[in-house]
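Please take a moment to look over the sequence and the model before reading on.

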Amino acid sequence: MLCRIENFLQYQSLFDRLTRGASTLRLLSQLMGTEAVLFKEKINFKLPGGQGFAPHQDAPAFTSFGQEYHVTMMLSIDETTIDNGCLEIAETGKLVSLLPLNDDLTITSGTVEAMQWVPVETSPGDLVLFDSYLPHRSGINGSSVARRALYATYNKMVEGDCREQYFERKRACFPPDVERVAGVTYDEGVFNVGNPVSVEP
Ligand SMILES: O=C(O)CCC(=O)C(=O)O
């Protein structure tokens with residue numbers, strides 16, 4: 001089942017403007033307290049029956065280039081609801097470090113159970129902005145319509161403009177099914193944290 005597209009701004013000027021236009025970059029720079037640059041973009045489709053995301057912080061997935069801090073902007077394309085697997089965030093104070101993690105970099109079950117989880121239902125066009133230490137998760141899409149959401153992640157420009165390198169490295173380590181070579185084992189490591197993505201053996 002199609003679950004995601006990423007690395008598409010060079011083909012879609014509307015999405016390029018939405019994620020790298022002056023007003024968006026100004027908002028992100030204001031939030032980050034310094035000039036922001038786009039790190040990566042994706043659309044999660046979560047089609048009917050699409051699986052949810054395990055509880056995780058994004059920070060462990062964003063370590064490839066030594067950057068320390070990211071903010072993600074979620075743009076709701078469809079309505080997101082509890083029924084179709086909206087984002088859920090943990091009610092915590094501001095976190096600046098990692099919680100106890102499993103080997104696959106998701107949050108340990110004891111920690112998950114100790115936190116209060118709040119669903120964030122949204123309407124098309126809503127933005128949700130959250131940093132890379134915010135614990136989040138989402139459920140299955142139990143409805144009959146797609147729950148599409150765009151996620152654009154930014155880092156501080158002083159920590160480097162690494163978007164192209166990021167997608168290059170991700171494609172090598174965690175390629176889409178169609179690019180996989182039979183018999184090769186891929187080191188998906190930090191590129192597959194909490195995702196409902198499994199690869200055909
Ligand atoms: O789209 C969702 O439901 C959650 C997305 C998410 O947590 C992720 O892509 O890391």
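In this predicted model, Phe-167 has a relative accessibility of 6% and therefore counts as buried, since the limit for that term is under 20%. Its ring forms an edge-to-face aromatic pair with the ring of Tyr-166, with 5.4 Å from centre to centre and 70° between the planes. Tyr-166 is also buried, because its relative accessibility is 3%. Tyr-166 has a further partner in Phe-39: the two ring centres are 4.7 Å apart and the planes stand at 55°, so this pair is tilted. Phe-39 has 0% relative accessibility and is therefore buried as well. The pair of Phe-39 and Tyr-166 links distant parts of the chain, for Phe-39 belongs to strand E2 (residues 36–44) and Tyr-166 to helix H4 (residues 163–173), 127 residues apart. The count of aromatic pairs comes to six. Ring pairs join Phe-39, Phe-62, Phe-65, Tyr-166, Phe-167 and Phe-191 into a cluster.

The ligand comes next. Which residues surround it? They are Arg-4, Lys-42, Asn-44, Lys-46, Phe-53, His-56, Asp-58, Leu-87, His-136, Ser-138, Arg-147 and Tyr-151. For Arg-147, an N or O atom of the side chain is 2.8 Å from an oxygen atom of the ligand. For His-56, the corresponding distance is 3.0 Å, and for His-136 a polar side-chain atom lies 3.2 Å from a ligand oxygen. Taken alone, the ligand exposes 290 Å², of which the protein buries 96%.

In one of them, Arg-148 and Asp-78 come together with an N to O distance of 2.8 Å. This bridge links distant parts of the chain, 70 residues apart: Arg-148 is in the loop between strand E8 (136–138) and strand E9 (149–156), and Asp-78 is in the loop between strand E4 (70–76) and strand E5 (87–90). Arg-148 is partly exposed, with a relative accessible area of 33%, whereas Asp-78, at 14%, counts as buried. Another bridge joins Lys-94 and Asp-131, whose closest N and O atoms are 2.7 Å apart. Lys-94 lies in the loop between E5 and helix H3 (109–114), and Asp-131 lies in strand E7, 37 residues apart. Is Lys-94 buried or exposed? Its relative accessibility is 62%, so Lys-94 counts as exposed, while Asp-131, at 14%, counts as buried. Arg-171 and Glu-179 form a further bridge, with the closest N and O atoms 2.4 Å apart.

The last stop is the surface. Leu-27, Leu-31, Leu-127 and Leu-129 form a nonpolar patch there, with about 310 Å² of accessible area together. Helix H2 (22–32) and strand E7 (127–131) are the elements that give two or more residues to this patch. Leu-127, found in strand E7, counts as partly exposed because its relative accessibility is 41%.

Conventions: Residues are numbered from 1 along each chain as its sequence is written. This is a predicted model: local features need pLDDT of at least 70, side-chain atom pairs count only at pLDDT 80 or more; totals for chains, interfaces and linings use all residues. Side-chain values use heavy atoms; hydrogens and water are left out. Patches are made of residues with over 30% relative accessible area and no salt bridge: like charges are joined within 9 Å, nonpolar side chains (Val, Leu, Ile, Met, Phe, Trp, Tyr) within 5 Å. Accessible areas come from the Shrake-Rupley method with a 1.4 Å probe; for residues, only the protein chains shown count as cover. A salt bridge is a side-chain nitrogen of Lys or Arg within 4 Å of a carboxyl oxygen of Asp or Glu. Helices (H or I, at least four residues) and strands (E, at least two) are DSSP runs, numbered from the N terminus. Buried means under 20% relative accessible area, exposed over 50%, partly exposed in between (1.4 Å probe, protein chains only). A residue is near a molecule or strand if one of its heavy atoms lies within 4 Å of it. A polar contact is a pair of N or O atoms within 3.5 Å; within protein, one must be able to donate a hydrogen and the other to accept it, and residues adjacent in sequence count only if both atoms are side-chain atoms. Rings of Phe, Tyr and Trp (its six-membered ring) pair if their centres lie within 6.5 Å; planes under 30 degrees apart count as stacked, over 60 as edge-to-face and the rest as tilted.
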